Amino acid sequence: MFSKILKKMECKLGFIQIPSKFRPELIGGSKLPCLTTLNGFSAKIDKYGRLWSIYLKNRFPEGTVVNMIKKEKGYYVFPLNTCEDSTMLEQEQKDKTGKRNFIGEENMKASVIKPYFKYDSITIFNDNILKTKAIENNSIDLIVTSPPYDVDIKYENYDDSIPYDKYLEFTRNWLKRCYDFAKDDGRFCLNIPLDKNKGGQQSVCADITTIAKEVGWRYHATIIWNEQNISRRTAWGSWMSASAPFVIAPVEVIVVLYKKEWKKKREGKSDMTRAEFIEWTNAVWNFSGENRTKIGHPSPFPVELPRRCIKLFSFVGDTVLDPFLGSGTTLIACLQTNRIGIGIEIDKKYCDLAVKRLKSYGITQQKLDEVLQVASSDLNNF
Ligand SMILES: C[S@@+](CC[C@H](N)C(=O)[O-])C[C@H]1O[C@@H](n2cnc3c(N)ncnc32)[C@H](O)[C@@H]1O
């Protein structure tokens, strides 16, 4: 195990230079370059003893002190804190029993919770967002999600028709958890209805936005998603009579929030085109909803929704979380845009569906090769 302070280029390009004195312990007799893993992600050690992985790219700010350890299945790296002098850290610690321990072991715990599915930069946890220990605090760059709407959708494992006050209590609890998971410059795209009339009229968007702000989230904007689907209407109220007509906007919204700072201080690579930027910064988005029967989930959103949010609000290589993964749509968008994607889904059946969809989107050996190619081309540019 060794500790070191990450330098600017290491953070930006996504590698860790293993100091010569630690190479016998950490690399041993392996012939370089060689392929390995880092925290479960594919990685490569080049002939100069630099360990490259997409996992590291823009993950930690410059100056972060990390511990690195080699285990049977590959390498593990854990942030300790940020500090300007590492000399005091370049030692192993011993706990009270004299057992060898390493600094930052607490940080390791979240990383070793067993995923339901993992392939390189994509991870699914079959877990409850209210209880999960799978996500480290202050580790997420962007959250994109669509929670249950409390409109009596028939999920396998979740009652979607609880009393509204209980629904808002549930909402407060998961919003708080997500707040803790986000980095200080972390952002949050929350897809919810504007309002609802099923089970009584409620101002869902206004209520959830208010709770999000109470929990600590700061407000940035609201995007109107015009699904162009008026068949979602459930009732007219009093037909052609002023007695009690129902008025409903056939739109959903994406509330855009952030944790502490909207402007990113670190540098990163953006991947949207000029046309996309111009179109998407107009906060009325027009594209169709997803077909439930085709997907096999009662309320999927189309890939276009997380794809736009991810490209507009995060850098390439950033970590994106969907705490209500459903059929896995957000992770498909992560695959398409080279982001690290993590999904939490309470229902095993939907986890299986997400895995099936991801596999059909090309999680194959080829994808692994591509990731390694990215690492090598970064190496050539360095
Ligand atoms: C609106 S759906 C998400 C659909 C998803 N955006 C997609 O494209 O398929 C909400 C999902 O949250 C899941 N869910 C409900 N309660 C949960 C909890 N406490 N933790 C994690 N997942 C939960 C449900 O099983 C459901 O699949």
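Which hand, left or right, does the crossing of H9 and H10 have? The crossing of H9 and H10 is right-handed, where a crossing counts as right-handed if the near helix is turned clockwise from the far one, and as left-handed if it is turned anticlockwise by less than a right angle. This is a predicted model, in which local features need pLDDT of at least 70 and side-chain atom pairs count only at pLDDT 80 or more, while totals for chains, interfaces and linings use all residues. Residues are numbered from 1 along each chain as its sequence is written, and the helices (H or I, at least four residues) and strands (E, at least two) are DSSP runs, numbered from the N terminus.

Helix H9 spans residues 329–337 and helix H10 spans residues 348–360, and the two pack at an angle of about 25° with their axes 9 Å apart. The axes are lines fitted to C-alpha atoms, for helices over the stretch in contact, and angles run from 0 to 180 degrees between N-to-C directions. The angle therefore makes H9 roughly parallel to H10; angles under 35 degrees count as roughly parallel, over 145 as roughly antiparallel, 65 to 115 as roughly perpendicular and the rest as oblique. Leu331, Ile332 and Leu335 of H9 meet Ala354, Arg357 and Leu358 of H10 in this contact, two residues being in contact if their C-beta atoms, placed from the backbone, lie within 7 Å. By class, the contact of H9 with H10 has 5 nonpolar, no polar and 1 charged residues. In this classification Ala, Val, Leu, Ile, Met, Phe, Trp, Tyr, Cys and Pro count as nonpolar, Asp, Glu, Lys and Arg as charged, and the others, Gly among them, as polar.

On another face of the description, helix H8 (residues 304–313) packs with H9 at an angle of about 50°, the axes being 8 Å apart, which makes H8 oblique to H9. The crossing of H8 and H9 is right-handed. Its contact is made by Pro306, Arg307, Ile310 and Lys311 of H8 and by Thr329, Thr330, Ala333, Cys334, Gln336 and Thr337 of H9, and by class it has 4 nonpolar, 4 polar and 2 charged residues.

An open sheet of 9 strands, with mixed pairing, has the order S10-S11-S18-S17-S12-S13-S15-S14-S16, two strands being paired if DSSP finds at least two bridges between them. Strand S10 (117–119) and strand S16 (284–286) are the edge strands, each pairing on one side only, and neighbouring strands of this sheet are turned by 20° against each other on average, direction ignored. Strand S14 (residues 218–226) and S16 run parallel and are joined by 3 bridges, with Trp225 standing opposite Trp285 in S16. Helix H5 (residues 204–215) lies across strand S13 (182–193), S14 and strand S15 (251–258), running at about 165° to S13. H9 also packs on the sheet, touching strand S11 (122–126), strand S12 (140–145), strand S17 (319–322) and strand S18 (340–345), and its direction makes about 170° with that of S18.

Helix H4 (residues 164–181) and H5 pack at an angle of about 45°, with their axes 9 Å apart, which makes H4 oblique to H5, and H4 passes H5 in a right-handed crossing. Leu168, Thr171, Arg172, Leu175, Lys176 and Tyr179 of H4 and Asp207, Ile208, Ile211, Ala212 and Val215 of H5 make the contact, which by class has 7 nonpolar, 1 polar and 3 charged residues.

Some local backbone features complete the description. A cis peptide bond, with omega about 0°, joins Leu32 and Pro33, and Pro33 has its place in the loop between helix H2 (23–26) and strand S3 (34–38). S3 and strand S4 (residues 41–45) run antiparallel and are joined by 5 bridges, with Leu38 opposite Phe41 in S4. The two strands S3 and S4 form a hairpin with 2 residues between them, and Asn39 in the turn has a positive phi of about 50°. Met240, in the loop between S14 and S15, has a phi near 55°, a positive value in a residue other than glycine.
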